[in-house]
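Thank you for making time this morning.

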Amino acid sequence: MKNRVFFLLALLFFVQLSAFAVNIEGRVVSDKGKALPYVSLYLKKAPEVGTITDVNGRFSLSVPTTHDSLIVALVGYETVIVNLNK
């Protein structure tokens with residue numbers, strides 16, 4: 001019985017967290033418009049929340065709705081910090 005309650009609470013907690021998230025999608029390109037693959041994107045206050053771009057420079061990331069900054073980094077390029085607003 002205890003296992004079932006824990007599982008249900010964990011499931012409800014997960015659903016609650018996903019309700020307070022925003023999905024960000026986009027494409028990272030160079031200043032010349034060339035798609036940049038394998039770029040790291042992560043939150044400044046929570047670096048464990050992140051992703052990388054695909055071979056076409058596209059990404060999708062679910063982030064909490066709280067204010068934070070998105071770090072965009074690739075070796076050989078200047079790191080960019082993008083402020084996220086509600």
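When I speak of helices and strands, I mean DSSP runs numbered from the N terminus, with helices being H or I runs of at least four residues and strands being E runs of at least two. From the N terminus on, the elements of the protein follow the order α-β-β-β-β-β-β, which comes to 1 helix and 6 strands.

Before the details, please keep in mind that this is a predicted model, in which local features need pLDDT of at least 70 and side-chain atom pairs count only at pLDDT 80 or more, while totals for chains, interfaces and linings use all residues. Residues are numbered from 1 along each chain as its sequence is written, and side-chain values use heavy atoms, with hydrogens and water left out.

For burial, I use relative accessible area with a 1.4 Å probe and protein chains only, calling a residue buried under 20%, exposed over 50% and partly exposed in between. By that rule, 24% of the 86 residues of the protein count as buried. Contact, in what follows, means heavy atoms within 4.5 Å, and among contacts between residues at least 6 apart in sequence, 43% join residues at least 24 apart.

Let me turn to the nonpolar core, by which I mean a set of buried Ala, Val, Leu, Ile, Met, Phe, Trp, Tyr and Cys residues joined through side-chain atoms within 4.5 Å. The largest such core has 13 residues, of which Val28, Leu41, Leu43, Val63, Leu70, Val72 and Leu84 touch the most other members. Two or more residues come from each of β2 (40–43), β4 (58–64) and β5 (68–73), and β4 gives the most, with 3 residues. If you look at Leu70, and do not count residues up to four places away in sequence, you will find that Leu70 touches Leu41, Tyr42, Leu43, Leu61, Val80, Ile81, Val82 and Leu84.

Ile81 itself is in strand β6, residues 80–84, and this residue counts as partly exposed because its relative accessibility is 49%. Leaving aside neighbours within four places in sequence, Ile81 is in contact with Ser69, Leu70 and Ile71.

What does the side chain of Asp68 reach? Asp68 lies in strand β5, and its side chain reaches the backbone nitrogen of Lys45 at 3.2 Å. Asp68 is buried yet has no salt bridge, and the nearest side chain of opposite charge, that of Lys45, is 5.2 Å away. A salt bridge here requires a side-chain nitrogen of Lys or Arg within 4 Å of a carboxyl oxygen of Asp or Glu, and for charge, Lys and Arg count as positive and Asp and Glu as negative, while His and the chain ends are not counted.

Finally, is Thr53 buried or exposed? Thr53 sits in the loop between β3 (50–52) and β4, and Thr53 counts as buried because its relative accessibility is 1%. A polar atom of the Thr53 side chain lies 2.8 Å from the backbone nitrogen of Tyr38, and the side chain of Thr53 also reaches the backbone nitrogen of Val39 at 2.9 Å. Tyr38 lies in the loop between β1 (21–27) and β2, and although Tyr38 is not a glycine, it has a positive phi of about 65°.

Notes
A polar contact is a pair of N or O atoms within 3.5 Å; within protein, one must be able to donate a hydrogen and the other to accept it, and residues adjacent in sequence count only if both atoms are side-chain atoms.
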